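Here is a short tour of one protein model, written to be read with the structure open beside you.

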Amino acid sequence: MQPYAVKATGLTKHYQILQRELGLRRAIKALFHRTYRTKEAVKAIDLTIAPGERVGYIGFNGAGKSTTIKMLAGVLRPDAGNVRVFGLDPHADRVKNASQIGAVFGQRTQLFWDIPVQESFELLKEIYQVPTSEFAETLAWFREKLDLAPLLDVPVRQLSLGQKMRCELAAAFLHRPKVVYLDEPTIGLDIEIKETIRHFIREMSDRWGTTVILTTHGMQDIEEVCDRVIVLDDGKIIYDDTIDQLKASFSHERTLRITLEEPVPFALPTVLINRVIMFETDELTYELAFDDRELSSGQVIKEIVSLYAVRDVSVSVPKMETLIRKLYQAGISA
């Protein structure tokens, strides 16, 4: 067995972006003399993912997540560095690589729009040359786990968003790939469907040893599916460790949530500046993150209520969203 599922070294990607100037004269000039600026989307990333790992690959919009995933999947060629997926160059060996990966990329579909879902699965069976007995076994299992039976005779274009995503996941895992790339698989879905999808991804990975690389803005997806989290910012990895270690690193973190009686300009009391990180959730509610080794909850509450009329207050261990935001603000490097 390969010692790694995915290995990238010095992975780099640049984009050339046309510089546009306002005005008719400048627009005409640009027809003959164009000026470009270089955008560094991914900056010399080193990355190793073991077989069977479930990795959350996260970052703000524009951080370079999608570009990285497209290079790992073979859709884009790196400008520098190299990547191997179970020993294959995903771009140079695109046909071989396609047989060992699955993907769900946002709203892009791999199903066939005008035919029933069952026929789409049958076509994918032929494309990936899945043995008939294996296909039947896999599809029977998917029918149970994703409740697909009522959907198989329905044309893809008639499916709701949640129904379509369940079918897209089944299609991605249908040929039992070694690696699956998932880009926002739960976006826009209701809570029940999200739970079904998260459980399905974990179960597939455990059952077949599938490596899963998940990009999402939903931190609950990361917590419930992944064992490791990689945080990307401005094309560079700023954190790479297990989720348990991330939580342990901030085991002394506390979040104080306060709700004011009325909307007023809110600022941290002087004594709390540089000791508390503030997040505004709405015009009445604020979350204050602090280290309980430096400040007690009582001290923070005392300072706040001495200046503001407070309707409600609660203290909790911070959620994953807060930990990730703190990583960005603190600028922790891997």
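This is a predicted model: local features need pLDDT of at least 70, side-chain atom pairs count only at pLDDT 80 or more; totals for chains, interfaces and linings use all residues.

## Terms for the pocket

## Domains

Let's begin with the overall layout. The protein chain splits into domain 1 (6-12 + 43-247) and domain 2 (252-317). Taken over C-alpha atoms, the centres of domain 1 and domain 2 lie 39 Å apart.

## The largest pocket

Now for the open space. The largest pocket has a volume of about 360 Å³. Its lining is made up of 18 residues, and those closest to the pocket centre are Val75, Ile101, Ala103, Phe105 and Tyr128.

Which element gives the most to this lining? That is β5, with 5 residues. Both α3 (94-98) and β5 (101-105) supply at least two lining residues each. Sorted by class, the lining of the largest pocket holds 10 nonpolar, 5 polar and 3 charged residues.

## Cysteines

How many disulfides does a search of the whole structure find? The count is 0, where a disulfide would need a pair of cysteine sulfur atoms within 2.5 Å.

Cys167 has a relative accessible area of 0%, so Cys167 is buried. Cys226 also counts as buried because its relative accessibility is 4%, and the cut-off for buried is under 20%.

Note on methods. Residues are numbered from 1 along each chain as its sequence is written. Side-chain values use heavy atoms; hydrogens and water are left out. Buried means under 20% relative accessible area, exposed over 50%, partly exposed in between (1.4 Å probe, protein chains only). Domain bounds come from an automatic or database domain assignment. On a 1 Å grid over the protein atoms alone, a cavity is a set of points where a 1.4 Å probe fits but cannot get out, and a pocket is an open set with protein on both sides within 12 Å along at least five of seven lines; lining residues have an atom within 4 Å of a point. Grid points are joined across faces, edges and corners, and a volume is the space filled by probe spheres set on the points. Helices (H or I, at least four residues) and strands (E, at least two) are DSSP runs, numbered from the N terminus. Ala, Val, Leu, Ile, Met, Phe, Trp, Tyr, Cys and Pro count as nonpolar, Asp, Glu, Lys and Arg as charged, and the others, Gly among them, as polar.
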